[in-house]
Amino acid sequence: MSTNQAMVEKYRNNFLKEVEANVEEGEWVKMCMQCGVCSGSCPLGKFWDHPPQEIFMMIRAGKRDEVLTSSSMWMCTSCYNCIVRCPRELPITHIMHGLAHYAKRLGLVPQNQPTAKFAQLFWDNLMKKGRVNELKLGMALYFMNGFGEGVKVAMKNQKLGMNMMKTGRMNPMEILGGHAVKDLGGFHKVMKKAQELEDARIAKHGA
Amino acid sequence: MAKRQYSFYPGCSSQKGASSSNYLISVQTMCEELDIQLNEIPDWNCCSASIGYAGGGELPRLTLSARNIALSEQHNPGQDIVATCAACWLSTREAQERLHEDQSLLAEANSALAEAGLKLKGDTPIKHMAEVLIEDIGYEAIGAKVKKPLEGIKIAGYVGCQTNRPFGISGESFENPKYLDKLVETLGGDSIPGYEKKVQCCGGALAFSEPEKSQEMVKGIIEAAYDHGADMIVTPCPVCQMNVEVYQDQINATYGTKFKMPVVYYSTLMAVAYGRSAKDAALNAQIIPAKQLEALAAK
Amino acid sequence: MADEKKFAGYICTGCGIGERLDAKQLQSVMTREGKIANCKQHEMLCSAEGVKLIRDDIDAGNATHIVIAACSRRAKVEAFSFTDVAMSRANLREGVIWLRPEGDEHQETTQEMADDYIRMACAEVKFLKVPKPSGEQALNKTLLVVGGGVTGMTSALEAAKAGYPVHLAAEEGRLGGVWADLYKRVPFRAAALGVPNGRDVDLPQPEDPGIDAMIAEIEASPLITVHLNAKITRTSGAPGRFAADISTESGGTVTENFGAIVQATDFKPYDANQLPEFAYGKTPDVVTNFELEKLAKAANGGPLKRPSDGKEVKSVAFIQCAGQRSTKPGHLPYCSGFCCTESIKQAMYFKAQNPGCDTTVLFDDLRTPGAAGEDFYRSGQQAMVTFTKGKASEVVSAGGSLKVKFKDLILNEDTEMEADLVVLATGQVPHVGPDPYAQLAVDMAETEEEKAAARKKLEVAPPSILNLDYRQGTDLPQLKHGFVDSHFICFPYETRRTGIYAAGPVRRPMDMKQAIEDAVGATMKAIQAAENAARGSGAHPRVGDLSYPSFRKEGCTQCKRCTVECPFGAINEDEQRYPQFNESRCRRCGTCMGACPVRVISFENYSIDTVGQQIKAVDMPDEFSEKPRILALACENDAYPALDMAAMAGERLSPFARVVPVRCLGSVSLSWITDALNSGYDGIVLMGCRRDDDYQCHFVRGSAMAAERLSKVGDTLQQLNLEVERVQVFEVAITDIKRAAQLINDMAATVEKIGMSPFKF
């Protein structure tokens, strides 16, 4: 049984409870008072299939699949406008990140969601050396939808890359190694342990 | 007078050969002039910014920042941590607050850190460089050092998101922060207090994954600056600087605009106003050259 | 000696009056034209020394009628409080020097303005008498409280605590009223300041209703006499001397005397039988919020059971605004204001008993008034009550369960949910007697349609509660939707029947906490009314005024205008059909005086002459002088203070204006207007309070009455062959500081355009 199915079984028709137990800052969802200020404050609001206010309502209405497979949360630019304006002080940005992460964990993210892919690439990149390698991240980004697509994107951004290089703000040598934390062994040990503890915490709730 | 000491967290994009390496250069120049000594946190790591959430769960993400704070506590004890990057500052401060609020998370983070012999107390103030300037140094002291006032240069203060929200600078409003305008005036330039896009999002990390959506917003940010007659835009954030500066060619191609708006850091302005060279101000790293600043630096 | 009038005048030269005006000239006007020989100047009249100067004259028997020419009558009232003499005040500071620019070119007209105010004050004082209390009644401290609910009980307890005996008359056979069956009440307590959101530990929870404790307190009070199953079958008299017949079901009637009355009859629950769309009456599993309290009380902390089959309720839906905030026939057009928090509380009953119970509140706008309201909402959310923004359209009974069809207003879709029990959040219908003006509305209706509607209202009118024997009807006048008329901000408990105060949901819908606060306020006002009546002094807004209206019987034509137009129903008719004024019912507005076509009604200190002689006293330059005269009659409650404030704010006023304060625009006699026009005034500005349903008139109807009378002033102007623009009526609020002066200046501009009046003789 997939983790997703296990969670469906466990929480039956109470998606709100599932969110409370499994999503970062999810215990705040019930406190939304449906004023809609978040939706009106989002810079990318028009691109959300369901703006935050609606997402909260859908969670309460038990629309589990529609929420978790939505690309909406992935539209969050982390601008924190919703957080500072929410009259109930809900950490909306964090809840959106939490929902996105939860959807990813359950394998429900829509295919080819670009931000989901990029965010994963970013994490993988930083976990390797402890610091982000912008060049490798950039290359990975160009090629995340396959080689042919990547060449096209890279060509489109060629001038930009040249500009960055000319001004010393991109270093082609980074491809060979690049910046890294010195105590890489220690860094990896710390992060491994953190992941184990995270997994144990999740296991307590069933997924 | 003794130099002010800070534990410095430069962040990935400030490293040599990275996208905001120019930011670091001008910050160093600015700090020399203001008698600020930045002590880099040894062996710091990435904070995962606000885009690490897909791959990283709650604890792993918080642990990244916990490691940096623990290193600072160990090597630069008693010094406030200062970051120049908005995302670095936000992630680090947020992690510190979350761990402070949730003791079980703190215990878990510490047991992860213990793997590398580290321990987090979590009582170090975490500041953005703008806070250091405004709260620790003050406008008066900043203005006292000006040798070449930025006379006749009209500058739109673009504050952006993450230096402004959710923490922001003390005493400023989220909707209309004024510190960049005050800084511009302090340096002898002309501010644009009515610049309506000063806290508009530029797209942040989505500039990479959703370039069209992001560039539409950037277009608005530049257009409003033009409409107010701005010569350039100033910003405190490396993501803002990059997103607003480097895509102008692509935006021009998409929208038929003819933007050529320089976007500089506050530290760039200060280095020039303090009479330092174009190189010390990292003006050579502008993709869209700030010609008025170059001329002033050459004088 | 007692009847001999001794006049004295005092001119203050302080606050710049002496510098800006020629005091010698003022004194000369007072002595020569005003004929007040005993005239003194002082450089600071309001100082202890200045006050002593006046006091000594009075004490020596040298002054019974005094003129103080200094600041506005609204300023320095404590210093110039000489209640044993008749006093008029010439407003030289706010009325003249502060409103006029300095400079030689203005000096002549500014001085003329001041001279005129001296003339006017001298003219007024000659017609003033020192008011004396009527001696109509003694102090009666006993209060009657009508209504045995939470509001009435609070009122009785508060009066008793203040040492005032109370008779509490309840219609029902027990105390507690409409909230007697409450299981718990919405909390009165808000969360502590700074309790953070979300992670709250101490949010308010449903509380014990406290009704039994109140009943016990009432029964234990030696000052409270309770009448159960009681009706008030007749109320007569006036504040200080009300007599009420209290009749009980057993047939006995007692007559008691009261100083004042509080009507606290609360509300009646809305009749949910008018909501067939929600299956009310079709299945016992659809209940109203009031019925749910009974279920909860019966369950007493155990699982709530479904009425139909006794099954434990596992899911419940609350439909907010049931039959409310809707224009459908039979629905209440207004929000009852208590039902949202009530539903939150009731949803928490289910959650407290079984956290797994699905509780959904279907709301459109969740309104949670009061300090505790928002905290209590959060409390409900913390308890995992689901709040769904949705509008219910139908409830259907299907297969042992109920289906609630609704439109989700956030997701914009028609959807439905199942529930074991449905609770309808129904509203409050004010429990009041018939609108005393319902018959008047029939008589006044202009179209047949209106007449039919008014007649219908009269037919379905509820039985009387107070059975007043007043000429203007049996009960308290209403404003909208049957709620008792009272100004909801400025004087919330005052009704249009002096000494009878409305408390709680009879004046607007409200929750228990608000009703309790209301009862405290109304009771304090009732105590004041009893005390004021004993002193012969007016109630709000002319508290302390000892004057009252009297009339010259031989001149009265028995036209009844005064008895009809009195906004407070104060005037009855005696056996000979003459008006009977009932002093302590009177608010001293003078609307009767303004209404009287034969000018026989007057107060000791306010009469046709006190104002009319001021108008005549003004020096009238001839037609070719380029010095017009503009008369401004300004309501003393809003317009006159607005002009004072304009002066303080440095606004400028035309030097040709002469402002006379009036008690209410309702007191303005048309004779003043006609006389003023005949004596050559070029323009007249009347400034009163807002007069529509959102009125600000301190006498409720005074301003409206005046507007109606003045609507015919155009005819007078045409008869005189004068332009209609010369007389204008405005609504002026106390905040209209710039505008108040501007309106008068506009009239000056108008006069300049249309030319001077030809009536200057």
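Me: Which residue in strand 9 of chain C stands opposite Ala230(C)?

Reply: Ala230(C) stands opposite Thr248(C). Before going on, note that this is a predicted model, in which local features need pLDDT of at least 70 and side-chain atom pairs count only at pLDDT 80 or more, while totals for chains, interfaces and linings use all residues. Residues are numbered from 1 along each chain as its sequence is written, with chains lettered from A and ligands numbered from 1 in the order in which they are written.

Me: How many bridges join strand 8 of chain C to strand 9 of chain C?

Reply: The general idea is that strands of a sheet pair through backbone hydrogen bonds, either parallel or antiparallel. Here two strands pair if DSSP finds at least two bridges between them; strands (E, at least two residues) and helices (H or I, at least four residues) are DSSP runs, numbered from the N terminus. Strand 8 (residues 230-236) and strand 9 (residues 242-248) of chain C run antiparallel and are joined by six bridges. Five residues lie between them in the hairpin, and Gly237(C) takes a positive phi near 100° there.

Me: In what sense do strand 9 and strand 10 of chain C pair?

Reply: Strand 9 and strand 10 (residues 253-258) of chain C pair in the antiparallel sense, over six bridges. Ile246(C) has Val254(C) in strand 10 as its bridge partner. This hairpin has four residues between the strands, and Gly251(C) in the turn has a positive phi of about 105°.

Me: In what order do the strands of the open sheet in chain C stand?

Reply: The four strands stand in the order 27-26-28-29, and their pairing is parallel. Strand 27 (657-662) and strand 29 (727-731) each have a single partner strand, so one side of each is left without a neighbour in the sheet. On average, neighbouring strands are turned by 20° against each other, direction ignored. Strand 26 (residues 630-635) pairs with strand 27 over six bridges in the parallel sense, and Ala634(C) stands opposite Pro661(C) in strand 27.

Me: At what angle do the axes of helix 8 and helix 9 of chain C cross?

Reply: Axes are lines fitted to C-alpha atoms, for helices over the stretch in contact, and angles run from 0 to 180 degrees between N-to-C directions. Angles under 35 degrees count as roughly parallel, over 145 as roughly antiparallel, 65 to 115 as roughly perpendicular and the rest as oblique. The axes of helix 8 (residues 289-299) and helix 9 (residues 339-353) of chain C come within 11 Å and cross at roughly 30°. The two helices are therefore roughly parallel to each other.

Me: Which residues of helix 8 of chain C meet helix 9 of chain C?

Reply: An α-helix has 3.6 residues a turn, so residues three or four places apart point the same way. In this case Asn289(C), Leu292(C) and Ala296(C) of helix 8 meet Cys339(C), Glu342(C), Ser343(C), Gln346(C) and Tyr349(C) of helix 9. Contact means that the C-beta atoms of two residues, placed from the backbone, lie within 7 Å.

Me: How far apart are the end C-alpha atoms of helix 13 of chain C?

Reply: The expected span of a helix is 1.5 Å times one less than its number of residues. Helix 13 (residues 512-535) of chain C has 24 residues and should span 34 Å; its end C-alpha atoms are 35 Å apart, which agrees. After helix 13 comes Gly536(C), with a positive phi near 75°. The loop between helix 13 and strand 22 (550-551) of chain C holds Pro541(C), and the peptide bond from His540(C) to Pro541(C) is cis, with omega near 0°.

Me: Where in chain B is Pro166(B) placed?

Reply: Pro166(B) is in the loop between strand 5 (154-157) and helix 7 (179-186) of chain B. The bond from Arg165(B) to Pro166(B) is also a cis peptide bond, with omega near 0°.

Me: Which chains have the most contacts between them?

Reply: Of the two pairs of chains that touch, chains A and B have the most contacts. There, 52 residues of chain B are in contact with 54 residues of chain A. Helix 2 (58-75) of chain B gives the most to the chain B side, with five residues. Twelve residues of chain A are in contact with eleven residues of chain C. Chain B and chain C do not touch, and their nearest C-alpha atoms are 11 Å apart.

Me: How many helices and strands does chain A have?

Reply: Chain A has twelve helices and zero strands. Its C-alpha trace spans about 55 × 40 × 35 Å along its principal axes.
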